[in-house]
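Please look over the sequence and the model before reading on.

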Amino acid sequence: MTRSVVAVLKTSPGTIIGDYRRLFELIDVVGHLGSSADTVLAAELTWHHFVPACNTPPWQIEGVAQALIASGFDPARMAVSINGAVGV
């Protein structure tokens with residue numbers, strides 16, 4: 001059985017994008033997923049208001065996408081899916 005891996009980093013607005021890359025290295029994303037996998041990033045968005053506890057902030061999508069690309073994932077095999085539910 002594969003063991004779970006947990007990583008925690010202290011971050012700041014100036015380092016958040018790069019911190020996602022560091023997190024992906026710490027948890028060995030490529031070793032768990034393989035960089036040839038088709039990958040969908042699921043974004044949760046409301047239509048009218050940004051609700052931090054419910055929405056995926058743009059820096060999270062950007063940080064994860066950049067970390068995946070830096071890990072060898074092919075951008076042509078990546079997609080972002082936006083939940084169409086209204087959470088307002």
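What share of the contacts in the protein with a separation of 6 or more comes from residues 24 or more positions apart? Such residues account for 66% of them, a contact being heavy atoms within 4.5 Å. The model is predicted, so local features need pLDDT of at least 70 and side-chain atom pairs count only at pLDDT 80 or more, while totals for chains, interfaces and linings use all residues. Residues are numbered from 1 along each chain as its sequence is written, and side-chain values use heavy atoms, with hydrogens and water left out.

**Overall make-up**

- The protein has three helices and two strands; these are DSSP runs numbered from the N terminus, with helices (H or I) of at least four residues and strands (E) of at least two.
- Read from the N terminus, the order of the elements is α-α-β-α-β.
- The C-alpha trace spans about 40 × 30 × 30 Å along its principal axes.
- Of the 88 residues, 22% count as buried; buried means under 20% relative accessible area, exposed means over 50%, and partly exposed lies in between (1.4 Å probe, protein chains only).
- The accessible surface comes to about 6200 Å², and 59% of that belongs to carbon and sulfur atoms; areas come from the Shrake-Rupley method with a 1.4 Å probe, and for residues only the protein chains shown count as cover.

**Helix H1**

- Helix H1 covers residues 16-27, and its 12 residues should span 16 Å at 1.5 Å a residue; the end C-alpha atoms are 17 Å apart, which agrees. The expected span is 1.5 Å times one less than the number of residues.
- Ile-16, Asp-19, Tyr-20 and Phe-24 are buried in H1. Seen down the helix axis, the buried residues fall within an arc of 145°, so they line one face of H1; the arc is that of the directions from the axis to the C-beta atoms.
- Helix H2 (29-33) and H3 are what the buried residues of H1 pack against.
- Asp-28 follows H1 and has a positive phi, near 55°.

**Helix H3**

- H3 has 13 residues and reaches 18 Å from its first C-alpha to its last, close to the 18 Å expected at 1.5 Å a residue.
- Gly-63, Val-64, Ala-65, Ala-67 and Leu-68 are buried in H3, and their cover includes H1, H2, E1 and E2.

**Salt bridges**

- The structure holds two salt bridges, each a side-chain nitrogen of Lys or Arg within 4 Å of a carboxyl oxygen of Asp or Glu.
- Glu-25 pairs with Arg-22, with the closest N and O atoms 3.5 Å apart. Both residues lie in H1, three residues apart, about one turn of the helix.
- Asp-38 pairs with Arg-77, with the closest N and O atoms 2.6 Å apart. Asp-38 is in the loop between H2 and E1 and Arg-77 in the loop between H3 and strand E2 (78-82), so the pair ties together parts 39 residues apart in sequence.
- Asp-38 counts as exposed because its relative accessibility is 58%, whereas Arg-77, at 37%, counts as partly exposed.

**Nonpolar surface patch**

- Leu-45, Val-80 and Ile-82 make a nonpolar surface patch of about 250 Å². Patches are made of residues with over 30% relative accessible area and no salt bridge; like charges are joined within 9 Å, and nonpolar side chains (Val, Leu, Ile, Met, Phe, Trp, Tyr) within 5 Å.
- Leu-45 lies in the loop between strand E1 (39-43) and helix H3 (58-70), and counts as partly exposed because its relative accessibility is 32%.
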